[in-house]
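This report covers strand pairing, salt bridges and surface charge. Please read it alongside the structure below.

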Amino acid sequence: PKGPITVEFGTPVVQTDGTVVVTGQVPEGVDGKVTVTVPDGSYEDLTGNPGKAGTGEGAVDTDRPSVEITLTPQGSIVIQYEDDVDPTTIDPKDIVITDENGNPIKVELTVSPDGLTLTGQIPPNVDSKVTVIVPEGSYQDKTGNDGQFDIDSKIVDTEAPKVTVTVDPQGNITVTYPEDTDPKTIKTETI
């Protein structure tokens, strides 16, 4: 962490051996070396002698991992987890992929060799708003922090366009393309 953090400590508890213990929890979102200092004179023994300073430190990770979903209008899906995520906690079955009515869309997700990237493709003949969700807590980092939620929604069109061709008795040919056709992609020399 950069700079001081605030930790709430509980009430001092006398242990069976006579020592007194106070515990606290580093807040969420801290990743790095934490140093805790008990200053001189901040406590006393039973006869009133001021206590000496004490310091302890340790590596802390209370930063919840995140994931990024990329969904393209062509139906390509990439789900990228942070490097500190434990890949054994990732299960492609936890990913929710639905159409605009909330109906599930079956997508085969492929896992990268390092286990931190899932890729897939929306199947053909889908022309709908598609939503991809990684649920909160569906994965963990190597420290055991539950992963954060992510969502991406886009209009996806994997439906192949269909052209209509008519020839009238006078020999006039009309080729009609669907409204979502990119005119720059029409190769009239191949007709």
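## Strand pairing

Strand 6 (residues 76-81) and strand 9 (residues 117-121) run antiparallel, joined by 5 bridges. Strands here are DSSP E runs of at least two residues, numbered from the N terminus. Two strands pair if DSSP finds at least two bridges between them. Val78 has Thr119 in strand 9 as its bridge partner.

Strand 9 also pairs with strand 8 (residues 110-111), in the antiparallel sense, over 2 bridges. Here Thr119 is the bridge partner of Thr110. Strands 8 and 9 form a hairpin with 5 residues between them. In its turn, Gly115 has a positive phi of about 80°.

## Model and conventions

This is a predicted model: local features need pLDDT of at least 70, side-chain atom pairs count only at pLDDT 80 or more, and totals for chains, interfaces and linings use all residues. Residues are numbered from 1 along each chain as its sequence is written, and side-chain values use heavy atoms, with hydrogens and water left out.

## Salt bridges

How many salt bridges does the rule give? The count is 3. The rule asks for a side-chain nitrogen of Lys or Arg within 4 Å of a carboxyl oxygen of Asp or Glu. Lys33 and Glu57 form a salt bridge at 3.5 Å, N to O. Lys33 sits in strand 3 and Glu57 in strand 4 (residues 54-61), 24 residues apart, so this pair links distant parts of the chain. Both Lys33 and Glu57 are exposed (over 50% relative accessible area; buried is under 20%, partly exposed in between; 1.4 Å probe, protein chains only).

Glu136 and Arg64 meet at 2.9 Å, N to O, in a salt bridge. Glu136 lies in the loop between strand 10 (127-134) and strand 11 (150-157), and Arg64 in the loop between strand 4 and strand 5 (67-71), so the pair ties together parts 72 residues apart in sequence. Glu136 is exposed at 52% relative accessibility. Arg64 is buried at 19%. Lys154 and Asp152 form a salt bridge at 3.1 Å, N to O. Lys154 is partly exposed at 29%, while Asp152 is buried at 13%.

## Negative patch

Which residues gather in a patch of negative charge on the surface? They are Glu28, Asp31, Asp63, Glu82, Asp83 and Asp114. Patch residues have over 30% relative accessible area and no salt bridge, with like charges joined within 9 Å. The place of a charge is CG for Asp and CD for Glu.

Glu28 is in the loop between strand 2 (20-21) and strand 3 (31-38). Glu28 is exposed, because its relative accessible area is 61%.

Methods:
Patches are made of residues with over 30% relative accessible area and no salt bridge: like charges are joined within 9 Å, nonpolar side chains (Val, Leu, Ile, Met, Phe, Trp, Tyr) within 5 Å. Accessible areas come from the Shrake-Rupley method with a 1.4 Å probe; for residues, only the protein chains shown count as cover. Lys and Arg count as positive and Asp and Glu as negative; His and the chain ends are not counted. Helices (H or I, at least four residues) and strands (E, at least two) are DSSP runs, numbered from the N terminus.
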